[in-house]
Amino acid sequence: MSRQAEAPATGVNDQVEQGILAFIDEFVALRRDLHTHPELAFEEVRTAGIVAQLLASWGYEVTTGVGGTGVVGTLKRGDGARSIAIRADMDALPIHEATGLPYASETPGVMHACGHDGHTTILLAAARYLAESGRFSGTLNLVFQPAEELGRGARRMLNDGLFERFPSDAVFGLHNWPGEPEGQFGFVDGPAMASIDYARITVTGKGGHGAAPHLAVDPVVASAAIVLALQSVVARSINPLDTAVVTVGSIHGGQAANVIPESVELTLTARAYDKGVRDRIKERITALAEAQAASFGATAAVEYRNGFPPVINHAAETHFARSVAVDAFGPARVAETFTPRTASEDFAYLLQARPGSYLFIGNGDSAPLHSPNYNFNDALLAPAAVYWARLAQAYLS
Ligand code: ZN
C-alpha cells in the first residue's frame, strides 16, 4: 500500500501525539530507506548501524553486537526502580519483491515482506520522543533484535545475557497484521501464537521384488498405516477444548511399480498453544509410528525437533498494554476480541524469560505477510510510536 508522507491523525490530540507528529515525516522516509535496503537474518549490519547511530544521537547508551547484530539502547531517567524492555525485529526475508514501489528493495531476492522495517522505525520514533520529551522515571531498554524469521535471534540475545545485562521487569513487542483494520490494536491474553514442531519419520523394512511381497517387509504399507494412525493424535489424545494440528506434509519412498523399497520417509509439522499439548503430541506421534511399524515387522525412527514455543502472553501485562491503548486512542481503536494466530514468533522465548505481552496492530487491507506484494502501512508509524511512548511512560510512571 502506497501512502503519502504526510502525518496521519492518531485520534487523540495529546502531547505525545503532537510531539511524534512533528517529526514523523523523517521516520516515514527512514522506513522506506530500510525497505529499499533489506538485510537477511544475522546480516542486519547496515540496519543495526543506523539504529545504533540514531539512538546514540538522542542520548541513549548503546550496546551493539548483542546476540550477533542485535542492538540495545538504554535510557535511564529519575530514580525510579522499574525497568521495561520494548523489542522490535530488524530482519528481512529471502523473497523477491514484486510491489513495484518506488522504494522497493534494491537487493534482488531479499525483501521486507513482514514489516520489520516498520517495527524498527516505530520503535525508533518512540525512542526519539522519549529521549527528547519523555516523562518517566526508571530504565528504558529498547531491544532491536536480529533474525526473527529464523527463530534464532531472540535466543541468541538471551544467551548473550540480554536480561542479565539489561535487567527488565517486563517485555513488550508488536506485529502489524494484514487484514485487520488499519491502526486497530489487538490484544490476546494467554496463548497468542502457536508453537511449531517438526518430525521426520524414517520407516525401514526390507526391500524386495514387488511380485514376492512375502519375502520383503514393505515400508510403504507400514507408512500408510502410520499416516492413518496419526490422525488419531488430535482426535483421540488431545482434549477437545485444546487446539492442536498434526499434518503429514510429505511422504517419499520407492522408485518403481515393481520394487518394494527399503525405506520410506515422512515429514510432519505440529502446532499447539500449550506445552502439555505439545508434549503429548510428541509422545503420541513417536509411540504410534513405532508401534505401527513394528506391527508390520518394520521399524520407525522418529527424529523430533522442537521449533518455536507458543507465544504466551501474561495476564497482568496484557491487561496493562490494553489499557494503554484504550487510554490513548479510545475503545473503538481496540479490537474487542482478537483471536490467537497460528503463525509463530520467537518473541515466545522473551516471554519465557520475562512477563510481558505481544500485541498486534492492523495493517489494513494489504497483501498478507511473507507475500512478494506485501508492504508495511506507513499510516501505522505515528499511532504505534505514540503507543510505545505512552506505554513506556505509563510503565515507568
Ligand atoms: Zn514478522
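**Entry 1: Ser237**

I began with a side chain: Ser237 makes a polar contact with the side chain of Arg284, at 3.3 Å. By polar contact I mean a pair of N or O atoms within 3.5 Å; within protein, one must be able to donate a hydrogen and the other to accept it, and residues adjacent in sequence count only if both atoms are side-chain atoms. This is a predicted model, where local features need pLDDT of at least 70 and side-chain atom pairs count only at pLDDT 80 or more, while totals for chains, interfaces and linings use all residues. Residues are numbered from 1 along each chain as its sequence is written, and side-chain values use heavy atoms, with hydrogens and water left out.

I looked up where Ser237 sits, and found it in helix 7. Helices (H or I, at least four residues) and strands (E, at least two) are DSSP runs, numbered from the N terminus. Is Ser237 buried or exposed? Ser237 counts as buried, because its relative accessibility is 18%. The cut-offs are under 20% relative accessible area for buried, over 50% for exposed and partly exposed in between, with a 1.4 Å probe and protein chains only.

I then listed what Ser237 touches: Ser232, Arg280 and Arg284, leaving out residues up to four places away in sequence. Contact means heavy atoms within 4.5 Å. I also checked Ile281: it lies 44 residues from Ser237 in sequence, and 8.0 Å away in space, C-alpha to C-alpha.

**Entry 2: Helix 8**

Next I turned to helix 8, residues 275-295. Which residues of helix 8 are buried? I found Val277, Arg278, Ile281, Ile285, Leu288, Ala289 and Ala293. They lie on the same side of helix 8, because they cover an arc of only 115° around the axis. That arc is taken from the directions from the helix axis to the C-beta atoms.

The face turned away from the buried side carries the exposed residues Lys275, Ala294 and Ser295. I looked up the packing partners of the buried residues too; among them are helix 7 (219-237) and strand 10 (244-253).

I checked both ends. At the start of helix 8, a side-chain oxygen of Asp274 comes within 2.9 Å of the backbone nitrogen of Gly276. Just after helix 8, Gly297 has a positive phi of about 80°.

**Entry 3: Ser357**

Last, I looked at Ser357, in strand 15 (residues 356-362). Ser357 is buried, with a relative accessible area of 0%. Its side chain joins that of Thr318 in a polar contact of 2.8 Å. I noted other residues that Ser357 touches, including Val171, Phe172 and Leu351.

Terms used: The expected span of a helix is 1.5 Å times one less than its number of residues.
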